[in-house]
Amino acid sequence: MGLTNCSHEELMSRIVDSVKAISGFSSSRGFIGRIQGDLVRRITLLSPFFEELIDVNVELEDDQILGFKVMSIALDSSLELFRSVNGGSKLFQVFDRGSIVQKFRDMTVEIEAALSQIPYDKIEVSEEVKEQVELLHSQFKRAKERGDESDVQLSHDLDIVENVMDPDPKILKRLSQELQLSTIDELKKESHAIHEYFLSYDGDPDDYFQRMSSLLKKLVDCATMESSEPDTSTGNRIISRHRSPVIPEYFRCPISLELMKDPVIVSTGQTYERSSIQKWLDAGHKTCPKSQETLLHAGLTPNYVLKSLIALWCESNGIELPQNQGSCRTTKLGGSSSSDCDRAFVLSLLDKLDNGTTEQQRAAAGELRLLAKRNVDNRVCIAEAGAIPYLVDLLSSPDPRTQEHSVTALLNLSINEGNKGAIVDAGAITDIVEVLRNGSMEARENAAATLFSLSVIDENKVTIGAAGAIQALISLLEEGTRRGKKDAATAIFNLCIYQGNKSRAVKGGIVDPLTRLLKDAGGGMVDEALAILAILSTNQEGKTAIAEADSIPVLVDIIRTGSPRNRENAAAILWYLCIGNMERLNVAREVGADIALKELTENGTDRAKRKAASLLELIQQIEGVVVSTVS
């Protein structure tokens, strides 16, 4: 139920329910517990105020109710934040803790603002409750103004464990306890969380993957040493040097109890050695051997995180990891190249895309998205198996997550040059543009990136422009996240290499948002905005629109203070605007272009020097005309 039409009682009940749900996070430990602890405590202490309003059935005026509606929205946002940071990968959270701290600071600001709109001193509740709310409001104000409090100990321990090959066991143990990753069960959950993280991650995973895998491996070693009980006598210490290392339980297949060489995940989330679980499935079993849950499907997903950890453990213990037998590396159609992509598995995923439930389609599209991200061979294998038409069909799925997975899978597949034509031939462009218009923000961003990838082929620039993509990209440029804006700008730039798309972009109103991006130096989009304006300035309609947007003073300022590449682009745009137009030249001269251009002729790039010299000559001609007119 929305807040607009809910009654006073329903609103208060909703607030109390939110506070109760948030209070459940008070038991969180470790660095997340510290980050969120004060906010949980303060919100929980507001509960008596809201409960008393219900108990005594206080009548509220309309202007008073507004403040409680704002509070309800703030508490809902807080609850969503608490849920997000108390799930998922702990290692990702510790690497991203600066962002998490900022989110809690922003949430504190929201709740303080909501409290400011509630006239609690004029509401008929007990004096004790009023005093408590007033005290809490003061605490929220102080917390809002307080600077960031870095966790020095955590940063110190993390730095040592990450950068020292053999860190002090005491530091490693302290870090594992701080992250609540000190037992095999906790580490197992973390491995699955990392797997899920990379399934949904859209950027280049290499850096985070290596950092998280390396740190997880060290924590696994720490937990393994903790769980063993070594005999410290001299004789046993000597003997132990010649023993084979104990394989961590987590690295053993639950069926064979042997070290896993090719770990795969079944639909229940359990991990097994591929050959062992395949024999189990081939025998006609429909359940998970360990959990006894019914398997939703027989697909096996490579557990790349665990495989990486096992490889690291084997390397550090001097164990040669045998080559995979019966692994997912199979011969592809029409060739002998190998990939992480099991053709039978891909075909089972395609069957789910075609005939599965919404949940099965979502999961299958997600698996294809992940496989296509891994390597070139996988992209070829998936395309040859016939996945592209199924993924294109799912671009119209009513399920937002399925749509996100599908467009991102197509993005990953399009990296392969041979797949670009197949995606276009499957009629994808119109559907991708529709996702770009109406999808979730993540889907829109990845749709923009897909269009950029496809537009590398010149004939696709025409098709994409004619499909209405440019107007949708302009909307993303204005509304998107920073990443979304960059994806949109990159696609627009590439599309505008084709002359016909320049007119579409100008008529679509692109110049005004680009000019705003130029003026926002802190927005991180100046480079992209200048690059697009530079290509549009070669078009007559583009020149007119750029000049009418009052851009000349901004361009001169960039020539004066920008980076070498930006100064070059700004000079090129100014040259195109002013050549043959006395009025614009006068505007440039009046805002000090001559001084900035003279400096550019001395310190700019070769192209910038040429444009600057040409403009200076034009400005000097104007000044000569002015002087002769006066005399």
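Helices are DSSP runs of H or I with at least four residues, numbered from the N terminus. In the predicted model, Thr-108 is found in one of these, helix α6, which spans residues 97–116. Thr-108 has a relative accessible area of 8% and is therefore buried, the cut-off for that class being under 20%. When neighbours within four places in sequence are left aside, the contacts of Thr-108 are with Leu-39, Phe-140, Ala-143 and Lys-144.

The protein as a whole has 34 helices and three strands. Of its 631 residues, 48% are buried. Among contacts with a separation of 6 or more, 70% are between residues 24 or more positions apart.

Helix α1 comprises 16 residues, 8–23. The distance from its first C-alpha to its last is 23 Å, close to the 22 Å expected at 1.5 Å a residue. The buried residues in α1 are His-8, Leu-11, Met-12, Ile-15, Val-16, Ser-18, Val-19 and Ile-22. These residues lie on the same side of α1, because the arc they cover around the axis is only 160°. An α-helix has 3.6 residues a turn, so residues three or four places apart point the same way.

Ser-72 is found in helix α4, residues 62–85. The relative accessibility of Ser-72 is 0%, so Ser-72 counts as buried.

Helix α22 covers residues 441–454 and has 14 residues. The span from first to last C-alpha in α22 is 20 Å, close to the expected 20 Å. Because 12 of its 14 residues are buried, α22 is largely enclosed by the rest of the structure. The buried residues of α22 include the charged residues Glu-442, Arg-444 and Glu-445. Also buried in α22 are Ala-443, Asn-446, Ala-447, Ala-448, Ala-449, Thr-450, Leu-451, Ser-453 and Leu-454.

Helix α25, residues 482–495, likewise has 14 residues, and its first and last C-alpha atoms are 20 Å apart, close to the 20 Å expected at 1.5 Å a residue. In α25 the buried residues are Gly-484, Asp-487, Ala-488, Ala-489, Ala-491, Ile-492, Asn-494 and Leu-495. The helices against which the buried residues of α25 pack are α22, α23 (458–466), α24 (469–479), α26 (499–507) and α28 (526–536).

Two further helix pairs were examined. Two packed helices are described by the angle between their axes and the distance between the axes. Helix α16 (residues 358–374) packs with helix α17 (residues 376–384) at an angle of about 135°, and their axes are 5 Å apart. The angle makes α16 oblique to α17, since angles over 145 degrees are needed for a pair to count as roughly antiparallel. On the α16 side, Leu-368, Leu-371, Ala-372, Lys-373 and Arg-374 take part, and they meet Asn-378, Arg-379 and Ile-382 of α17. By class, four residues in this contact are nonpolar, one is polar and three are charged.

In the second pair, helix α31 (residues 564–578) and helix α32 (residues 582–590) have axes that come within 8 Å and cross at roughly 140°. Helix α31 is therefore oblique to α32. Leu-574, Leu-577 and Cys-578 of α31 make the contact with Arg-584, Leu-585 and Ala-588 of α32. Five nonpolar residues, no polar residues and one charged residue form the contact of α31 with α32.

Asp-351 is placed in helix α15, residues 343–355. With a relative accessible area of 41%, Asp-351 is partly exposed. The C-alpha atoms of Asp-351 and Gln-361 are separated by 9.0 Å, and the two residues are 10 residues apart along the chain.

Positive phi values occur in loop residues other than glycine. For Leu-257, phi is near 65°. Leu-257 is in the loop between α12 (234–240) and β1 (263–265). The relative accessible area of Leu-257 is 47%, so Leu-257 is partly exposed. Gln-292, also not a glycine, has a positive phi of about 65°. The loop that holds Gln-292 is between α13 (274–282) and β3 (301–302).

Technical notes:
Residues numbered from 1 in each chain as written. Predicted model: local features only at pLDDT ≥ 70, side-chain atom pairs only at ≥ 80, totals over all residues. Heavy atoms only, no water. Helix = DSSP H or I, 4+ residues; strand = E, 2+ residues; numbered from the N terminus. Expected span 1.5 Å × (residues − 1). Buried < 20%, exposed > 50% of the residue type's maximum accessible area, 1.4 Å probe, protein only. Arc of directions from axis to C-beta. Axes fitted to C-alpha atoms, helices over the stretch in contact; angles between N-to-C directions. Parallel < 35°, antiparallel > 145°, perpendicular 65-115°, else oblique. Contact = heavy atoms within 4.5 Å.
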